[in-house]
Amino acid sequence: MSSDAAQRLAFVQSHLQVAACANKEEPKKKTPQESMSEEREKATFDVRELTYFLDGGEKFTKIREKFMMELERDPTFRMYDMYDVTKDQIRERTMEKFRTIVHYVSAEPLPIFTMRMQTISLIDPGFWTRFGVHYGLFFGALRGSATSSQFSHWVSKGALALNGMVGCFAMTELGHGSNVAGLETTATFDEASDQFIIHTPTITATKWWIGGAAHTATHTVVFAQLIVRGKRYGTKSFIVQLRDTRTYVLMPGINIGDIGKKMGRDGIDNGWIQFTNVRIPRTNMLMKHTKVSRAGEVKEPPMAQLTYGALIQGRVAMVVDSGNIAKKAVTIAGRYAAVRRQFQSSPHDVQETKLIDYAIHQYRLMPLLAQAYAFHFTGVETQKLYDNLMDKLESTKPGDASMQDTLDTLKETHATSAGLKAFCTWSTLNAIEACRQTLGGHGYSAYTGLATTYNDFAVHCTWEGDNTILTLQSGRYLVSCYREALAGKTQPEGVSYLNHLDTLLNLGCGAKTNDDILNFDIIQEAWGVVTANVVKKAGDDFDASLKAGMSPEAAYEECSQARLAAAKIHSFGYIFRRFAQAVKAAPEGLRAILTKVCFLYGLYSIEQNAGFFLQYRYFTPSQMDFVRSQVNVFCREVRQEYIPLIDAFNYSDYMINSPLGVYDGNVYEKYFDQVKRQNPVGGEHPYLPLIQSLLRRDIEDDEPLEDDEEDEE
């Protein structure tokens with residue numbers, strides 16, 4: 001071959017090589033859906049099995065899925081446009097939903113109906129509240145405080161079937177909330193007519209925040225001071241008719257109004273009520289516990305504490321609700337983090353990095369996921385504790401040998417539910433906001449769901465008892481238990497660490513190596529030691545105040561800060577124990593992943609309260625450094641399977657109701673579609689004349705600007 005021919009061949013080959021290189025495909029960027037799919041491929045456990053475990057069995061999972069499908073197909077429960085409707089429209093829709101749900105009250109067993117309402121609470125908390133006011137509060141008061149004949153009477157009037165009456169619960173007053181004993185509304189017995197006179201003596205006695213009162217309720221349970229022959233017998237409950245059941249005209253002496261726009265839950269018509277010498281039959285007083293005879297004789301219950309059981313139900317429900325709402329918030333933030341990409345970790349990356357692959361984002365989200373799991377299992381156990389209490393209250397009679405055991409269970413359940421209600425609702429509210437912020441700028445949009453979820457959930461921190469007051473109640477119980485333990489009385493399981501004060505108070509971590517700290521028994525012991533010391537501090541402060549001459553009430557007030565700290569640390573330890581207990585009871589195939597999640601919750605909680613563990617010398621500074629390092633390690637490990645862990649919550653897209661939390665990861669198209677659907681382009685401009693008048697107003701011509709730059713010389 002000649003040299004010219006060789007050169008031409010080489011030239012052609014070089015062109016072919018360049019062409020081959022040019023045709024070589026560049027690394028393909030993954031779509032949001034592909035990014036989500038690759039996360040699901042990392043699962044080392046059976047997601048469905050975990051769902052069954054969380055729900056309490058396959059049977060209950062299928063029941064919940066049935067509920068979700070029914071709600072999604074019911075046009076009255078459409079939720080896609082909820083962010084754009086007015087207060088009046090929301091309230092009208094809420095009443096539409098009553099017709100659907102009332103059918104299930106009598107058609108389903110109570111446990112199944114309760115599951116239905118828990119499902120509804122996730123998508124429409126306003127309706128859940130409005131419906132719950134009648135069944136949970138009004139009907140619950142009948143069930144807990146009415147005699148058997150009274151209960152039968154009101155059921156025959158339609159209290160169960162919502163046929164003939166709608167009830168509300170008039171406890172809170174304008175000037176009184178948590179202090180039920182200090183309520184001002186009076187119920188004075190008139191022997192001549194055999195009636196009670198219900199009266200609002202002052203403006204602060206006006207019933208306030210009464211759900212369903214503004215427009216809906218025909219009857220109410222009123223909490224009022226019982227007065228017989230001039231003597232006060234404390235706060236009791238009475239049935240009062242508010243409106244004519246046919247015309248809905250207010251009854252004589254009843255004044256009602258709407259308290260107006262709220263932070264959230266606009267589906268419920270909260271109102272105020274004033275009673276002006278309203279007369280009701282004597283038998284309208286709920287007399288299961290305290291009784292007033294025709295002759296004006298008052299018979300008080302031998303064990304007044306037994307009347308408190310009915311007040312616990314709402315608090316337990318909020319512990320359960322905290323876990324459910326926390327799971328929803330984490331689902332939205334977690335799924336978005338799996339597909340949202342921002343910046344590049346390396347200049348050689350062909351695609352921006354997922355949010356969840358940044359260590360700081362893992363630290364923001366993974367502990368919240370662990371907390372959601374912890375709250376779920378705590379809610380399950382708290383519900384069991386409450387159910388056990390109610391069984392005992394129903395079966396125990398005055399004089400029974402088991403009475404003291406029942407009272408002890410009541411005290412424990414009351415204090416535990418109070419502390420957990422406060423701790424879980426505070427923590428969940430903070431978690432919702434933390435999740436919202438992880439969405440970046442999109443978190444400010446109502447359509448992404450978390451802003452509305454925050455507003456709707458915030459009320460949990462103040463109703464059914466202000467959280468600070470409830471925390472102090474829990475702290476008071478802990479001080480009482482500590483003093484009993486010192487006196488030799490064995491304490492119940494929830495505070496069992498107080499049975500070992502002699503060994504716990506000065507105990508340090510016995511781990512021989514740092515790795516030995518990664519043990520459920522060690523972490524549980526750590527919480528036991530620290531909680532015992534913090535409770536001891538509160539108890540010692542209380543005793544010191546008593547020795548200084550203070551009354552018990554003044555002494556409790558003096559140690560308020562110590563009681564708050566004791567209740568807070570007790571709650572951390574209590575929740576960890578419940579989580580660890582659940583992990584040990586889990587199917588073998590789930591224990592490995594749940595152990596990681598549980599360790600993350602336990603170690604992160606210790607890190608957040610490091611001062612106490614160092615102060616009481618359970619951990620050394622170097623051991624605490626190890627704990628901090630392991631929080632990051634477990635954040636990375638849980639991150640590998642956090643989408644499967646979220647999927648196990650088994651919330652449908654309808655239930656999540658957020659385009660950023662959709663199952664398939666197609667967040668941008670669904671977000672854009674929802675914005676366009678709710679805000680159509682091309683409609684009439686709502687305030688065009690104002691803009692035109694602004695732009696077309698006469699403006700005096702200004703002198704032209706002079707060039708202030710100096711000429712170059």
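User: At the start of α15, which residue has a side-chain oxygen that reaches the backbone nitrogen of D521?

Analyst: This is a predicted model, so the distances are computed from its coordinates. Helix α15 covers residues 520–547, and a side-chain oxygen comes to within 2.7 Å of the backbone nitrogen of D521 at the start of that helix. The residue that supplies this oxygen is N519.

User: Which residue caps the N-terminal end of α13?

Analyst: Helix α13 runs over residues 467–486, and its 20 residues reach 29 Å from the first C-alpha to the last, close to the 28 Å expected. At its N-terminal end, the backbone nitrogen of T468 lies 3.0 Å from a side-chain oxygen of the capping residue, D466.

User: Which residue with a positive phi follows α13?

Analyst: The helix α13 comprises residues 467–486. The residue in question follows α13 with a phi near 100 degrees, and it is G488.

User: Are α10 and α18 roughly parallel or roughly perpendicular to each other?

Analyst: Helix α10 (residues 359–395) and helix α18 (residues 588–608) pack with their axes 9 Å apart, at an angle of about 110 degrees. Angles from 65 to 115 degrees count as roughly perpendicular, and therefore α10 and α18 are roughly perpendicular.

User: How many nonpolar residues does the contact of α10 with α18 have?

Analyst: Residues in this contact include Y363, M366 and F375 of α10, together with L594, V597 and Y604 of α18. By class, the contact has two polar residues and one charged residue, while the number of nonpolar residues is twelve.

Terms used: Residues are numbered from 1 along each chain as its sequence is written. This is a predicted model: local features need pLDDT of at least 70, side-chain atom pairs count only at pLDDT 80 or more; totals for chains, interfaces and linings use all residues. Side-chain values use heavy atoms; hydrogens and water are left out. Helices (H or I, at least four residues) and strands (E, at least two) are DSSP runs, numbered from the N terminus. The expected span of a helix is 1.5 Å times one less than its number of residues. A polar contact is a pair of N or O atoms within 3.5 Å; within protein, one must be able to donate a hydrogen and the other to accept it, and residues adjacent in sequence count only if both atoms are side-chain atoms. Axes are lines fitted to C-alpha atoms, for helices over the stretch in contact, and angles run from 0 to 180 degrees between N-to-C directions. Angles under 35 degrees count as roughly parallel, over 145 as roughly antiparallel, 65 to 115 as roughly perpendicular and the rest as oblique. Contact means heavy atoms within 4.5 Å. Ala, Val, Leu, Ile, Met, Phe, Trp, Tyr, Cys and Pro count as nonpolar, Asp, Glu, Lys and Arg as charged, and the others, Gly among them, as polar.
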